Amino acid sequence: MANPFTIEEIYPDEGDEPPRLPRRQAGSSPQDLAVTLLADYTLRTRARVPSAALVALLAESGVSTAGARAAISRLARRGVLEGSREGRRSSYRLSRAAAANLSSGGSWILAATTEVVAWDGCWTIVAFSLPQDRGAQRRALRGQLRWLGYAPLYDGLWISPYELSPPGRAQLARFTPGAVTVFRGRQADLDAIAQRSPIDAWDIEAISRHYEEFLRRWTPLVPAVRAEGVDGATAVRTRTEVMDTFRRFPTLDPRLPLDLLPAGWLRRPARELFETIYDGLAAPAERHVRAVVARFAEEAQSGIRAHTAADILAGVRGAETADDAQGCAS
């Protein structure tokens, strides 16, 4: 199942819209990795990281020097990073808007895979119609609906088992004024052969395979994590990879009601495994990032801090720095 988002859609080169949380495509681009690294270790403080240190950390994930520098430049141009220079040394940090969006998005990702929400049996239906010459707007709307947890039952009819939130309504209105209609109600009882079930908007078998692959990929690492047998560079790389993989699940499986899913659904085991790996490697990963940054910084970097799954769920906010101080019817 391909992820419908690309970095260019999330961080456009032009326009005044604030940056939004990255949605990772299959595999991680250099820009994806740079954002994840800075979010994992500086989101709380928005600490500045020397560009040479960021290039070195990206090299540990197989990104070339040229690819790393190009990614940093593009992210700065898109408003995701803020750059500064002292003499010949340049450094970057997350912009305030990017930090805020990454914080709220991270909290949403963890909540979507942790919380159990009671379902009232109703569906929210978003119907839209856009002419062929508005292809970019159609793609943006579809991307926004994916972000909100919707899936296409038919081409111009997307559904979710949950209410459309007020922020979601505002986002849809901004994307497509006058082109969208929203309903909420129960599915009518018809001949089972003649109708398509709303849950069929999601490829349940494919989602299950994603969960199985995640568990198969990361479970063997648990003993080494618990025995503190993972070195710093590997810890950083592993936390980045496990986060980039896990963050896709709320889009693939946006808290779909368990009574509509096969028995033994793997959402909770995947969430527990993610926490075991991500939290268990936080300490060695933080030490390694501090050590790499120290090679290129003139002063100690106290702002390098790894956060845990619980921190993300609570909402890790970019802090002030010294620089800144200057229901339906039945």
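**View 1. Y211 and F249, two buried rings.** In this predicted model Y211 is buried, and F249 is buried too; buried means under 20% relative accessible area, exposed over 50%, and partly exposed in between (1.4 Å probe, protein chains only). The structure holds 10 aromatic pairs. For such a pair, ring centres of Phe, Tyr or Trp (its six-membered ring) lie within 6.5 Å, and planes under 30 degrees apart count as stacked, over 60 as edge-to-face and the rest as tilted. The rings of Y211 and F249 are stacked, because their centres are 4.4 Å apart and their planes meet at 15 degrees. This pair joins distant parts of the chain, with Y211 in helix α8 (residues 204–218) and F249 in helix α11 (residues 249–252), 38 residues apart. Helices here are DSSP runs of H or I with at least four residues, strands are runs of E with at least two, and numbering starts at the N terminus. Ring pairs also link Y211, F214, F246, F249, W265, F274 and Y278 into a cluster.

**View 2. W119 and W123, an edge-to-face pair.** Here the ring centres are 5.3 Å apart and the planes stand at 75 degrees, so W119 and W123 pair edge-to-face. W119 is partly exposed, at 22% relative accessible area, whereas W123 is buried at 6%.

**View 3. Helices α2 and α10 at their crossing.** Two packed helices are described by the angle between their axes and the distance between the axes. The axes of α2 (residues 30–42) and α10 (residues 232–246) come within 10 Å and cross at roughly 110 degrees. Axes are lines fitted to C-alpha atoms, for helices over the stretch in contact, and angles run from 0 to 180 degrees between N-to-C directions. That makes α2 roughly perpendicular to α10 (under 35 degrees is roughly parallel, over 145 roughly antiparallel, 65 to 115 roughly perpendicular and the rest oblique). Contact, meaning heavy atoms within 4.5 Å, is made by L33, T36, L37, D40 and Y41 of α2 with V236, R239, T240, M243 and D244 of α10. These residues comprise 5 nonpolar, 2 polar and 3 charged; Ala, Val, Leu, Ile, Met, Phe, Trp, Tyr, Cys and Pro count as nonpolar, Asp, Glu, Lys and Arg as charged, and the others, Gly among them, as polar.

**View 4. The open sheet β5-β6-β4-β7.** Its 4 strands pair antiparallel, where pairing asks for at least two DSSP bridges between two strands. β5 (151–154) and β7 (180–185) stand at the edges with a single partner strand each, so one side of each has no neighbour in the sheet. Neighbouring strands are turned by 30 degrees against each other on average, direction ignored. β5 and β6 form a hairpin with 2 residues between them, and 3 bridges join β5 to β6 (residues 157–160). A151 has I159 as its bridge partner in β6, while P152 stands opposite W158. Another 4 bridges join β4 to β6.

View 5. P50 is the bridge partner of S91 in β3.

**Notes on the model.** Residues are numbered from 1 along each chain as its sequence is written. Local features of this predicted model need pLDDT of at least 70 and side-chain atom pairs count only at pLDDT 80 or more, while totals for chains, interfaces and linings use all residues, and side-chain values use heavy atoms, leaving out hydrogens and water.
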